[in-house]
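Hi everyone, thanks for making time this morning.

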Amino acid sequence: MGPLEGVRVVELAGLGPAPFACMMLAELGADVLRIERPGGGLAMGPPELELVNRGRRSVALDLKNPAAIDVVRRLVAQADALVEGFRPGVAERLGVGPEDCHALNPRLVYGRMTGWGQDGPLAQSAGHDIDYLALSGALHLIGRAGGPPQVPANLLGDFAGGSLYLVVGVLAALHNAQRTGEGQVVDAAIVDGSAHLTTMLLGALAGGSWKQERGTNLLDTGAPFYDVYETADGKHVAVGAIEPQFYTELITKLGIEAPDRYDPANWPELHKVLAETFRQRPQAEWTELFDGSDACVSPVLPLAGDHPHLEARGTFVDKDGVRQAAPAPRFSRTPTTLDRPPAKAGQHTREALADWGITDIDGLLGTGAAVQI
């Protein structure tokens, strides 16, 4: 099921953004075959809780073994796309770089996920989400006035600036390959993606409506009507009453008198008034008061929190005893499903290789080039 039904993808297992991208491709309906080292790699927990690995089968191959590399090459020859998240040059040294693969399959889309990109002075340097955000300027944006930049977990870099850009690139290249019969390399770099995410604010900066000083702007907690406030029970609500009509409803619902919001000189006082007001009631009461209104006030929920809207849409699902986010986006004709839980490394080696037309499986297992658990 899903709009990518019939698309075949080989995933050379990595960490973070590349697996998330392959999870999305699988949830969109692609048959994604995850190639892992025997025993698996670095993990955040037990295999059944590595949710970014859901949706695809796992084949364990020892890529130091030439016979295993030969299997990858045979898989590539029939695949529509390959995704890898190695440092630049690693795939080439293994013999499965873009030139090797395109010689076997000219229409292959070769998706590459890195932090710094395939070239440039830092291409071979180690890094993580926080480093790529730092260099792109995205990290500088986040935080309150007078304080340091704040770290948005690894959502903004790894998954927004990384995985989603890789998925967009792979989908666009698949569309092009379908029309032209020619594949290409997709170079998705987190530093590029996170910089690209700042496009609107770069325009505002050039036009003078955004300042480099953190926490002084409309959307970075500088404006008191776009901020987070503590409630009486130590929880929080988010306020996003930017437009005049929404702000009017906010003030009316709160039943307060407030200084003119259009004069930034009044913002410190307005911040104080709103903070004192929201501290007077617990979060649940504010949620009830603003429910269904246009005041743009929402409770700040914990991870996988409960809310009637989330329940109605099925935003989170309980699958195999684990609460997790449902696939997104949604499709009217080709719905996506969660039909395959995260696999252990090598759980599907025999069946998946057989489905992909590999016939010498017993020999591969006997030499250790492949492992079935």
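The largest cavity holds about 30 Å³ of space. By cavity I mean a set of points, on a 1 Å grid over the protein atoms alone, where a 1.4 Å probe fits but cannot get out. Volume here is the space filled by probe spheres set on the points, with grid points joined across faces, edges and corners. Searching the whole structure for cavities of 30 Å³ or more turns up one.

Before I go on, this is a predicted model, where local features need pLDDT of at least 70 and side-chain atom pairs count only at pLDDT 80 or more, while totals for chains, interfaces and linings use all residues. Residues are numbered from 1 along each chain as its sequence is written, and side-chain values use heavy atoms, leaving out hydrogens and water.

So, what lines the largest cavity? The lining is His140, Leu141, Trp210, Lys211, Gln212, Glu213, Arg214, Asn217 and Asp220, where a lining residue has an atom within 4 Å of a point. By class, that lining is two nonpolar, three polar and four charged.

Next, the second largest pocket, at about 330 Å³. A pocket is an open set with protein on both sides within 12 Å along at least five of seven lines. Among the residues lining this pocket are Leu141, Trp210 and Asp220, along with Met200 and Tyr226.

Leu141 brings me to threonine 198, which touches Leu141 and Ala138, not counting residues up to four places away in sequence; contact means heavy atoms within 4.5 Å. Threonine 198 sits in the loop between helix H7 (190–196) and helix H8 (199–207). Helices are DSSP runs of H or I of at least four residues, and strands are E runs of at least two, numbered from the N terminus. Is threonine 198 buried or exposed? It is buried, because its relative accessible area is 8%, and buried means under 20%, exposed over 50%, partly exposed in between, with a 1.4 Å probe and protein chains only.

Finally, glutamine 78, in the loop between helix H2 (66–76) and strand E4 (81–84). Glutamine 78 is partly exposed, at 28% relative accessible area. Beyond neighbours within four places in sequence, glutamine 78 contacts Arg8, Asn105, Arg107 and Trp356. A polar atom of the glutamine 78 side chain lies 2.7 Å from the backbone oxygen of tryptophan 356. Glutamine 78 and threonine 198 are 38 Å apart, C-alpha to C-alpha.

How values were computed: A polar contact is a pair of N or O atoms within 3.5 Å; within protein, one must be able to donate a hydrogen and the other to accept it, and residues adjacent in sequence count only if both atoms are side-chain atoms. Ala, Val, Leu, Ile, Met, Phe, Trp, Tyr, Cys and Pro count as nonpolar, Asp, Glu, Lys and Arg as charged, and the others, Gly among them, as polar.
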